[in-house]
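I opened the model to look up a few things and note them down. The entries follow in the order in which I checked them.

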Amino acid sequence: MKPEDLLFASTHEWAHVADGVATIGISAQAVEALTDLVYMELPDSGASVTAGEPFGEVESVKATSDLYSPVDGEIIEVNTSLPDSLDVLGTDPYGAGWILKVKLSNEDALQKLLDHDAYQKQNSEGQ
Amino acid sequence: MSESLQKTALHEWHSANGGRMVDFAGWSMPVQYSSIIDEHHFCRQSVGLFDVSHMARLQFADCKASLEALEKLTSRRVDSMKPGQIRYSLMTNDQGGVLDDVLVYRLPDANQDCFTMMVVNASNRQKIVEWLRKRLGPDIVFEDRTESTAIIAVQGPKANQIVSNHCEINPDSLKYYWGTTTKVCGCEAIVTRTGYTGEDGCELIVDNEDAAAIWKTLHADAVAAGGGACGLASRDTLRLEAGMPLYGHELSDELNAAQAGLNFAINLKDRIFPGSETIAAAKEQNTLPVRIGIQLEDKRAARQDCPILIDGNAVGVITSGTFAPTVQRSISMGLIDPRFSQPGTSVTIDIRGKHHAGSVVELPFYQRET
């Protein structure tokens, strides 16, 4: 997927929406800022997620960070191989580095997300 | 970054070379340049260069008188040091709490005379300066040289070799925790065989105006040797593996010096220093939480303030932790009820509400081959 086709949360997660399902990951900028990832804790399929609420954690050498859901819905698939191959987040954050697939329960929440230009602008303003 | 932060003589180099600058105790310091893990390995496998100029340097005019006066304030004897000798010591308050952990130096100068120096943590600079002014009295004069000098730590198996190519002496010729006044790249420098990484190496104290040229020369050699510049984040992972305490984590005003697991740095025999009776009593009673190492079974890092549990009961708290690049384990230090401080004791760490299995282990986690 191209980053230009994605929606972004201000907390650096991305979402790609098709047919009522959002694929979720974290942005290249987030991976670049975190560096030295060692562990990721992910939820199980079937769990529900809420926009703006944590759904998992990523551990780097330096710190533990929450992963926030950009959407509302139910998790229908988890990239369970990801915690054992975190390098993928650096090489292909918008493809093989996907984290969850979520069946959307409320598409209105998407309105609050940023498009790629707005997300780039946010980052260049140093937020 | 706020303009009010203090800058070291190497600040420009850090900024121009990818340094991610953060506020550390009021100083703008590089936390990392690229990858913390790579920088960690520079130091363990080859050589790492660290700008630690934020550490405060206090220099005393009268060597003998100052050491005799400091002797009354330090947890270890300093008045018996020979010229060239350096001692790690604690400075304690009247309650036996740790004001700071410091290095006291008795160094020969170019005129075959001696001077006394002390290096203290950046975060404690003001507190220690005020403490010394109050407790040493007006006759013991010292100068705070923090802002006119830089400290470059050169650490790792190739560190001394690289420095020796540009220095009038080979740091290998100094005994561990000894130092001297010499020249590096033709500039006046204090060279000491000290460090905070668990590796061999040395630290160079140089004038601000010479620091950038010396750094660039050593950096070029370091890169050629498979090493490079290291930020404060890798300094932290290195010292953690080496089992060394960090002020504000394992040491504080509120923690009795006896809790620190630094018996080698506390000499109570026929000595009185601030809080020494309280420290002796704490050591004797052994009821206060003590510093220990903990290893987790999974890769989650236990961070400062995570509770340590046994059978669901809190028996201690984590003071620092990380996933350690050399030992490839999740390691941490903590303070634990001494009844549970035996290596091998099984514990559970509460990390953000989830329980992770671990055990108490001997410190350090890493020891270099000698």
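**Sheet in chain A**

I traced an open sheet of six strands in chain A, in the order β1-β2-β3-β9-β8-β5, with antiparallel pairing. Strands here are DSSP E runs of at least two residues, helices are H or I runs of at least four, and both are numbered from the N terminus. Two strands count as paired if DSSP finds at least two bridges between them. At the edges I found β1 (7-8) and β5 (48-49) of chain A; each has a single partner strand, so one side of each is left without a neighbour in the sheet. β5(A) pairs with β8 (residues 73-78) of chain A in the antiparallel sense, over two bridges.

**Basis of the model**

I am reading a predicted model, in which local features need pLDDT of at least 70 and side-chain atom pairs count only at pLDDT 80 or more, while totals for chains, interfaces and linings use all residues. Residues are numbered from 1 along each chain as its sequence is written, and chains are lettered from A and ligands numbered from 1 in the order in which they are written.

**Chain B against chain A**

I call two residues in contact if their C-beta atoms, placed from the backbone, lie within 7 Å. The contact takes nine residues from chain A and 14 from chain B. On the side of chain B, α2 (36-45), α7 (232-241) and β16 (313-324) give two or more residues. I sorted that side of chain B into six nonpolar, four polar and four charged residues. The nonpolar class is Ala, Val, Leu, Ile, Met, Phe, Trp, Tyr, Cys and Pro, the charged class is Asp, Glu, Lys and Arg, and the others, Gly among them, are polar.

**Domains of chain B**

The assignment gives domain 1 (11-52 + 146-241), domain 2 (57-143) and domain 3 (289-370) in chain B; such bounds come from an automatic or database domain assignment. Over C-alpha atoms, the centres of domain 1 and domain 2 of chain B are 23 Å apart. Their contact takes 14 residues from domain 1 and 13 residues from domain 2.

**B:Arg125**

I placed B:Arg125 in helix α4 (residues 125-136) of chain B. B:Arg125 is buried, because 20 other C-beta atoms lie within 10 Å; the cut-offs are 20 or more for buried, 12 or fewer for exposed, and partly exposed in between, with C-beta atoms placed from the backbone. Leaving out residues up to four places away in sequence, B:Arg125 touches B:Ala56, B:Val120 and B:Thr146.
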